[in-house]
Amino acid sequence: MPGLIGKKIGMTSVFDEGVNTPCTVLEAGPCVVTQIRTLEKEGYESVQIAFDEKKEKHTSKAMAGHFKKANTTPKRKVVELRGFIHKWKVGDQITVDYFENDIWLDVTAVSKGKGFQGVVKRHGFGGVGDNTHGQHNRQRAPGSLGGSSWPSRVFKGLRMAGRMGGKKVKVLNLKLVKIIPENNLLLLKGSVPGAKGSYVIIESPDRI
Amino acid sequence: MDLIKIAENQFNIKNEFPAFKAGDTITVHYKIIEGNKERVQQYRGVVLQRHGSGMSETFTVRKMSGNIGVERIFPVNSPFINKIEVNKHGQVRRARIFYFRGLTGKKARIQERRMKYPESYDTEEKGQET
C-alpha cells in the first residue's frame, strides 16, 4: 500500500470535536524517492523511499552511491512500497500532505520486545486462579500439554512460553485526527506498536 | 517531547484558572450538554491531587454527597469547564492527599492556609523569592 515512513514520537490526548481523544503523534516524512522499480527491469512495480538523515561517515560506499543517484543526502531507513497512483520520479519528496484526503490509516511497526514470557502473558491463559488446594507454585503454569500414550507427542503449534513481542505488527484503520504540515506531524487516534522513536510505516489503504 | 507539545497546541486553548493545589476547596463550573441544551453545573469539593503535565493534566475533586464520597476527575484544559473558583486555600503537607479519603467527621477538616498575598499562589511564590 502507498504511504510514508515515519517515527513514533509519543502519545497524548486532545479534545477533538468536544471528545477527549487518545492520540499517537507520528513524525511522517518527508521521504525521498530513491528508486523506481519497474515491471520491465525488476519484474514488479514499486517505489523505494528513504527517511531520516544520517551522516556521510556512517554510510557504506554502496549506499552512498545509491543516495547520490537520487541526488539526496544519506538516509537511515529505506523502504519499498507498492501501489502509488502518482507517478513519482527519483529524487521527489513525499510529505505528510500526501494523507490530506485520508480518513483511516494503517500503521506497521516492530512491537516492543517483552523477552521470554509465560503462557499467561503471552497467550492469555487463565492461570490457576487459586492459591490453595495444593497449588504449591503452579499458579501460572500452562497445565497439561495433551494426551499420553496417544499421540505420544506434543502437537505442533501448541501454545507455550517463549519470546514475546519484537515482531512486525500492523494496526488497521486508525482514524486520522490531524495533519500538521509545518512540523511533518500526524495525529492518529489510538495506539501504535513500537517504542518511542522507532520507525513506522504509515499506509493509506483507501487508495488502491 | 517538543513535537508532542506542538501537536497539543494545535488543539486546546489553555484554560486560565486561578492557581490551586491539593487541599484547596474549589468550585468547578462545568457545562453539561443534554440533548441540544447546554447548562452549567457546579461541583464543589476538596482537590485531592493534580496529575500529569502539559495539555493532559488533570485534577481530582472530592466532595461528600450526603454520606457518600464522590470523586470527579477533570482535565485542566477541558473545553467543558467554564470557570473555577477557589473557595478556600487548605494547609496540607503533601501534593496528593489520598489519606483524606479515610477521614470522617471532625478529622476530615483541613486547616486554612494563611496567605501572604491572598490573591493567588503566584504572587505568594514571588514574595518568597525576593
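How much area do chain B and chain A bury between them, and what percentage of it lies on carbon and sulfur atoms? In this predicted model, local features need pLDDT of at least 70 and side-chain atom pairs count only at pLDDT 80 or more, whereas totals for chains, interfaces and linings use all residues. Residues are numbered from 1 along each chain as its sequence is written, chains are lettered from A and ligands numbered from 1 in the order in which they are written, and side-chain values use heavy atoms, with hydrogens and water left out.

Chain B and chain A bury about 1,300 Å² between them, and 74% of this area is on carbon and sulfur atoms. Buried area is the accessible area (1.4 Å probe) that two parts lose on being put together, summed over both. On the chain B side, Leu3(B), Ile4(B) and Phe11(B) lose the most area to chain A, together 42% of what that side buries. The contact (heavy atoms within 4.5 Å) takes 19 residues from chain A and 14 residues from chain B. Between the two chains, the count of salt bridges is zero, a salt bridge being a side-chain nitrogen of Lys or Arg within 4 Å of a carboxyl oxygen of Asp or Glu. Helix 1 (residues 2-9) of chain B gives the largest share of the side of chain B that touches chain A, five residues. Helices (H or I, at least four residues) and strands (E, at least two) are DSSP runs, numbered from the N terminus. By class, that side of chain B has eight nonpolar residues, five polar and one charged. Ala, Val, Leu, Ile, Met, Phe, Trp, Tyr, Cys and Pro count as nonpolar, Asp, Glu, Lys and Arg as charged, and the others, Gly among them, as polar.

Over all chains, nine salt bridges are found. One of them joins the side chains of Asp52(A) and Lys7(A), at 3.2 Å from N to O. Asp52(A) belongs to strand 4 of chain A and Lys7(A) to strand 1 (residues 3-16) of chain A, so this pair ties together parts that are 45 residues apart in sequence.

The largest pocket holds about 280 Å³ of space. A pocket is an open set of points on a 1 Å grid over the protein atoms alone, where a 1.4 Å probe fits, with protein on both sides within 12 Å along at least five of seven lines; lining residues have an atom within 4 Å of a point. Grid points are joined across faces, edges and corners, and the volume is the space filled by probe spheres set on the points. Of the 16 lining residues, Val46(B), Met64(B), Phe100(B), Ala108(B) and Arg109(B) lie nearest the centre of the largest pocket. Strand 3 of chain B supplies the largest share of this lining, three residues.

The second largest pocket holds about 230 Å³. Its lining has 15 residues, of which Ile36(A), Arg37(A), Glu45(A), Val47(A) and Lys87(A) lie nearest the centre.

Trp150(A) and Pro151(A) are joined by a cis peptide bond with omega about 10°. Asn71(A), which is not a glycine, has a positive phi of about 60°.
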